[in-house]
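Have the sequence and the model open side by side for this one.

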Amino acid sequence: MKKKNILYLLLIFGTVLFINACYYDKADLLYPTNTGAVCDTAGVMSYSLRVKPILQAQCYSCHTATGGSGNINMSSYANDKIIGLNGKLYGSISHASGFIAMPQGGNTMSSCDQAVIKKWITGGCLNN
Ligand code: HEC
């Protein structure tokens, strides 16, 4: 009888673990810019394919108009390059001291998104 109870307990634990595993799989699907365990930063980082979609989703809403929030006007390659090269882009998303943490009032950018942007900056902020 006791052995049977232990088996039931194990079955319940197993089910709970299994359901949790499924939950995390779905979370990855819900946040497509976070590529999950694999963060591909190989090769030359593309502004149009990788960097711009991240900025579009997390920054442009407040920084598009002339004189956008904090006087930072993003949304064009030329403007994104300026804050890429002067250090403000990476400083703000990595919450480095001396910079105002961005996105303001939002979640910290995923480490993968940060790595993508860092790679683009260290590659010289190419228009590619
Ligand atoms: C909800 C609106 C909002 C979003 C979204 C947002 N920002 Fe900002 N941002 C602001 C405001 C407001 C300021 C001015 C803050 C201040 O001066 O205290 C600012 C300031 C800045 C500055 C100037 C910081 C400095 O040190 O001079 C940079 C750079 C910046 N944002 C980059 C970004 C980036 C990159 C993203 C996307 C990851 C982003 N922001 C998303 C509202 C936003």
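Which residues does Ile117 touch, not counting those up to four places away in sequence? Ile117 touches Val51, Ile54, Leu89, Tyr90 and Ile93, where touching means that the C-beta atoms, placed from the backbone, lie within 7 Å. Two housekeeping notes: this is a predicted model, where local features need pLDDT of at least 70, side-chain atom pairs count only at pLDDT 80 or more, and totals for chains, interfaces and linings use all residues. Residues are numbered from 1 along each chain as its sequence is written.

The largest nonpolar core has 15 residues, and Val51, Ile93, Val116, Ile117 and Trp120 have the most contacts inside it. Such a core is a set of buried Ala, Val, Leu, Ile, Met, Phe, Trp, Tyr and Cys residues joined through C-beta atoms within 7 Å. H2, H5 and H6 each give two or more residues to this core.

Here are those helices (DSSP runs of H or I, at least four residues, numbered from the N terminus):

| Helix | Residues |
|---|---|
| H2 | 47-58 |
| H5 | 88-93 |
| H6 | 111-122 |

H6 has twelve residues and reaches 16 Å from its first C-alpha to its last, close to the 16 Å expected at 1.5 Å a residue (1.5 Å times one less than the number of residues). Its buried residues are Asp113, Val116, Ile117 and Trp120; buried means 20 or more other C-beta atoms within 10 Å of a residue's own, exposed means 12 or fewer, and partly exposed is in between. Down the axis of H6, these buried residues fall within an arc of 90 degrees, so they line one face, the arc being taken from the directions from the axis to the C-beta atoms. An α-helix has 3.6 residues a turn, so residues three or four places apart point the same way. Among what covers the buried residues of H6 are H2, H4 and H5. Ser111 and Thr122, on the other side of H6, are exposed. After H6 comes Gly124, with a positive phi near 100 degrees.

Over in H2 sits Gln56. Gln56 counts as partly exposed because it has 13 C-beta neighbours inside 10 Å.

Now for the ligand. Of the 21 residues around it, Cys59, Cys62, Ser69, Gly70 and Pro103 come nearest, with "around" meaning a C-beta atom within 6 Å, placed from the backbone. H5 provides the largest share of that shell, four residues.

Technical notes
Two residues are in contact if their C-beta atoms, placed from the backbone, lie within 7 Å.
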